[in-house]
Structures are given as structure tokens and as C-alpha cells.
Amino acid sequence: MTSQLFKWGIMAPVAGTLLVLTACTDLEIEEVDSIIVEDTGSGQVAGDPEQLVEAVYNGLSTFTDQANTYSLFEHPSDELIPPTRGVDWGDNGVWRTLHAHTWDATHAQVLNAWNTLNSRIFNTAEILAANPNARQEAHGRFLQGYFMWHVLDLYGVVPFREFEQGVDELPRVIPRSEAIELAIDQVEASIDSLPSAGPGENIQGTKAAAYSMLTRMYLNKAVYLAQNPAGPYEHNPEDLQKVIDYADMVTEEGYSFDPNYFEIFEAGSDHEPILVSNQGTPENRWMMTLHYSQTPSGWNGFTTLADFYNSFDPADPRIGNEPTPDGTPSSGIGTGFLQGQQVNDQGNVLIDTRTQQPLFFTEEVDLAGVPTNAGVRVIKYHPARSGKYILIRYAESQLNKAEAQLRLGDAEGALETVNAMRATRGTPELSSIDLDGMLMERGFELYWEGLRRVDQIRFGTFTDTWDHKTVTDPTRVLFPIPQQALDSNPNLVQNPGY
């Protein structure tokens, strides 16, 4: 039996030559530009479906990385900035170009995400070709729709090949408008055989996970069906009603808002987590932002923008809590936005070991030539109390519902849905809400969770300017097809603007 390289629209030999970015960190960027499949001479042989299902769910750990897919969904948005401090986080400008919207088809993270996501789609095709039982097939379909959504959202097309097709056959290319229909069909087809489970550490798909993903898919469907990817978008009332219906189904599965916002991201949370990553941890989320002198010693990387930080009502608990230092590790770190003077675990003024000055996080931050203390840091997962990394949670589905209500003309219903969340959180209720307010509310609730780019595109603000981002090119709503993929699969056509 021989092994051959399966090509996902890219050149197989680059497996050993992909650029690995480490900045000033100990990160290891996860694979993958090719996967190994067995060829008996008459076609590929699928593996054990149960093992395949477990393996693909373990592969959700790719979303816990600070690079790869997460970087494409967050760095181009108005809520995260990746400053270069001296040579730290320089990496040939790979992070800065994401924020500035000046990436091209050779960008390492564009390639890494393409490779990883498309290989996961092929893994789900193998599940479906492995004679699965009804439960295993449901997981295969749910996962295929989940990964397919990410690819169509980022790149506008999905290269796809059934597992039984020969390894030398080029993947067909599914356009965005067809891919979203296929992704929805797969997730909807999974529902009956997925388990019903309430909130907790669900490491595999459930009915609630499917319902929640469908609220996301139907809410963004107008974007994917638009003739121009940059809009305008015409939301189908039937699709918006689907968002509302599926959001209500999530609630019926036993989910509710957590009265303590930051407990959602702690171990033992029992209200909101719908799907969590079995492998991979939230560690990257605090390491990518904490200063070298804090405990744990972070990589002194990403921060939020001053305008985004200042958009919060100081009375909103989601802005964060001051630390309660008691001598235990990481007790000197607060939650939410870390701004101003920082303290150590004993409550004493923390000293920046690089400058020997008190460590004071400033609001203003630039893209390059940045002091070590510049920028407001963000902590949702606290190093001392974090639980598993959350991939899908309840609040998103309810905000999707509220937005659908608003777009259907039911501003009163949308306000009621949003205020139900705000009241539970202890946040002052709103007296009214419009589309601008809805986008702001999504930012207040979902910041740094990997959805901001999607939201800004749907609301038409992605081509606006903000700090250190002046490019307004509408073609940037899609990333380019990686050049290596174009070189190896002539069925692919580069997106406009690249």
C-alpha cells in the first residue's frame, strides 16, 4: 500500500517549506498544506468513522491559535491592532499588513488558514465516506458545514473533492452562493441525529451547536448571495425569520445568559458555552496580549484600539474588573480591558523590566516603533481561572436574533432581546436601538472572539478608516486565493483586486 499527497488546490511539496512565524513567542503554527491519504491503486480507503470524528473535533484546536484563521477574522477589524515593538512582532510586517488591509496573495496567514480549513473539509468528506452510522454521519455533516462556512466567508469560494475521487483529480470550485447553501444543508441535515445537550464542556456538536451555527449562516446569507461581495446586501425576510427561529431553539435547549460576564470564560461555566475545543487551550489569548513583566510573562503583542476601548460605557461590566491581588499567581491581572497602572500579584506597582519604569498601559498605540507599554490589553480568559476555549456560545445566537428582528422592522422586539442580555449582565438597559447601535452592542459583547470582521462586512463598515488603517478598497472584504493554490489548481480564479 502506498501513500500519496492529497492536494487541496495547493502545491504538495511546500509542506516542508511553509514559513513559520514565531515573533518573540514560543508558538508553533499548526500544519498544514497537505494531508496523507492511502491509495490502494483503485482509490482511497477511508478510516474508522469513530476515530475520524474524534480527530476532526480535535482539529478544532486550530481556532485557539493567535495566528492562522483567528488572525484573518480579527486583525483586519477595528477592535484589534498588532503593534511592532522594536523587532518584537515584526515578522516582516505580516501582522501589520492585516491591520492595514495591505495583504497580498503570498501572505503567510492567508495561506496557513486556507490550508488548514480546507484540509479539515477533506477530513469531513472522509467521515462521510467511511460507512458511518447515523450519529457519526451527523457529526461529519455538522463539521463539514462548520468548516465550509469559514472558507466561503474568508475566500469567497470553496475547493471541494469527494473522498472517493482520485488524488490526482483537481478539486472542483464551489462559488460562494452555492457553498453557503451547501453548508446550510449539511448543518440542517445533521440536527436529527445530533444529541440534545445543555451548556457545558460539549466537545462535539449538539443540536444547540447546529442551531447556533445556522443563526450565523442565515444572518450572513445576504452577504454571500450578493453580486458584489462588498454589497449592498439585501436580506431575505425568510432567512431573517430562520435566524429568529433557530435562536429560540437554542434557548429551548436549556441555555441562558450568565449574570457574571467573565465567568462565561472560566472553568465550570454552566450557562452559555455551546461548543468548546477539546484540544488547544485559551492560553494564546492571554499570552498574545500580556506584557513580559506580568505573571505569566506574556509575549507583549496585541492590543485593542483606543477608539474601540472608549466606545464602552464605563458602567458596562463587560469593560472589565480590577485585579484582586492576594499573592497567588496571576492575581495581579484584571479581566476585560487592562488600562493604566498595572500591579503585581502582591498589589505593588509593577515595573517594566525593559524600561525600569512603572508599567502603565496607554490607550494610544501605533503600528510600528511602539513603546513596550503602549496599548490597552484584553483578558477574557483569565490565566488563573480559564476554562476550555469556547467556539460557539449562547449570546451570539441571541444577538443574531436581535439583529434579524431589527432588520425585519421589529425594533421593539430587537430592543427587548438586547436588553434581556444587558439586564442579566448588570449593564444599563438601552432606550432604543438602530443598526449602528446593534453593531456597537455586538462589539461590547463579542470582542476578540473572532467575529468582528464578519460583523463589520455585514454592517458595511469594513471599508471605513480607523487608527492606522486608511485603505478603503472594497475588494478587501475577501482575502486572496493563495498564490500556491492558484499555481497548482487551474480551476481556481483569483479574487478581484489581487
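α12 and α13 are roughly parallel to each other, and the exercises below begin with this pair. The model is predicted, so to speak of local features pLDDT must be at least 70, and side-chain atom pairs count only at pLDDT 80 or more, while totals for chains, interfaces and linings use all residues. Residues are numbered from 1 along each chain as its sequence is written, and side-chain values use heavy atoms, with hydrogens and water left out.

**Helices α12 and α13**

Task: At what angle do α12 and α13 pack, and how far apart are their axes?

Solution. Start by finding the two helices: α12 covers residues 411–425 and α13 covers residues 435–446. Helices here are DSSP runs of H or I with at least four residues, strands are runs of E with at least two, and both are numbered from the N terminus. Next, take the angle, which is about 25°, and the distance between the axes, which is 12 Å. Axes are lines fitted to C-alpha atoms, for helices over the stretch in contact, and angles run from 0 to 180 degrees between N-to-C directions. The pair therefore counts as roughly parallel (under 35 degrees; over 145 is roughly antiparallel, 65 to 115 roughly perpendicular, and the rest oblique). The crossing of α12 and α13 is left-handed, a term for a near helix turned anticlockwise from the far one by less than a right angle, with clockwise giving right-handed.

Now look at the residues that meet. From α12 come Ala414, Val418, Met421, Arg422 and Arg425, and facing them in α13 are Met438, Glu441, Phe444 and Glu445 (contact means heavy atoms within 4.5 Å). Sorted by class, the contact of α12 with α13 has five nonpolar, no polar and four charged residues. Nonpolar covers Ala, Val, Leu, Ile, Met, Phe, Trp, Tyr, Cys and Pro, charged covers Asp, Glu, Lys and Arg, and the others, Gly among them, are polar.

**Helices α7 and α14**

Task: Work out how α7 and α14 lie relative to each other.

Solution. α14 spans residues 452–459, and it packs against α7 at an angle of about 60°, with the axes 10 Å apart. The two helices are therefore oblique to each other. α7 passes α14 in a left-handed crossing. Leu219, Asn220 and Val223 of α7 make the contact with Val454, Ile457 and Arg458 of α14. The classes in this contact of α7 with α14 are four nonpolar, one polar and one charged.

**Gln398 in its surroundings**

Task: Is Gln398 buried or exposed, and what is it in contact with?

Solution. First place the residue: Gln398 lies in helix α11, residues 394–407. Its relative accessibility is 6%, so Gln398 counts as buried (under 20% is buried, over 50% exposed, and in between partly exposed, with a 1.4 Å probe and protein chains only). Leaving aside neighbours within four places in sequence, Gln398 is in contact with Ala247, Thr251, Phe257 and Thr417. Its side chain also makes a polar contact with the side chain of Ser397 at 2.9 Å. A polar contact is a pair of N or O atoms within 3.5 Å; within protein, one must be able to donate a hydrogen and the other to accept it, and residues adjacent in sequence count only if both atoms are side-chain atoms.

Finally, step back to the helices: the axes of α8 and α11 come within 8 Å and cross at roughly 145°. That crossing is left-handed. Gln398 and Ser397 of α11 are among the residues making this contact, as are Ala247 and Thr251 of α8.

Task: Which backbone atom does the side chain of Asn419 reach?

Solution. Asn419 is in helix α12. With a relative accessible area of 8%, Asn419 is buried. Beyond its neighbours within four places in sequence, Asn419 is in contact with Glu429 and Leu430. The atom in question is the backbone nitrogen of Leu430, at 2.8 Å from the side chain of Asn419.

**Backbone in the loops**

Task: Which residues are joined by the cis peptide bond with omega near 5°?

Solution. The bond runs from Thr295 to Pro296, and Pro296 lies in the loop between α9 and α10. Another cis peptide bond joins Gly231 and Pro232, with omega about 10°; Pro232 is in the loop between α7 and α8.

Task: Where does Trp89 lie, and what is its phi?

Solution. Trp89 is in the loop between α2 and α3. Its phi is near 65°, a positive value in a residue other than glycine. At 1% relative accessibility, Trp89 counts as buried. Ser330, too, has a positive phi, about 75°, although it is not a glycine. Ser330 sits in the loop between β6 and β7 and counts as buried at 6% relative accessibility.
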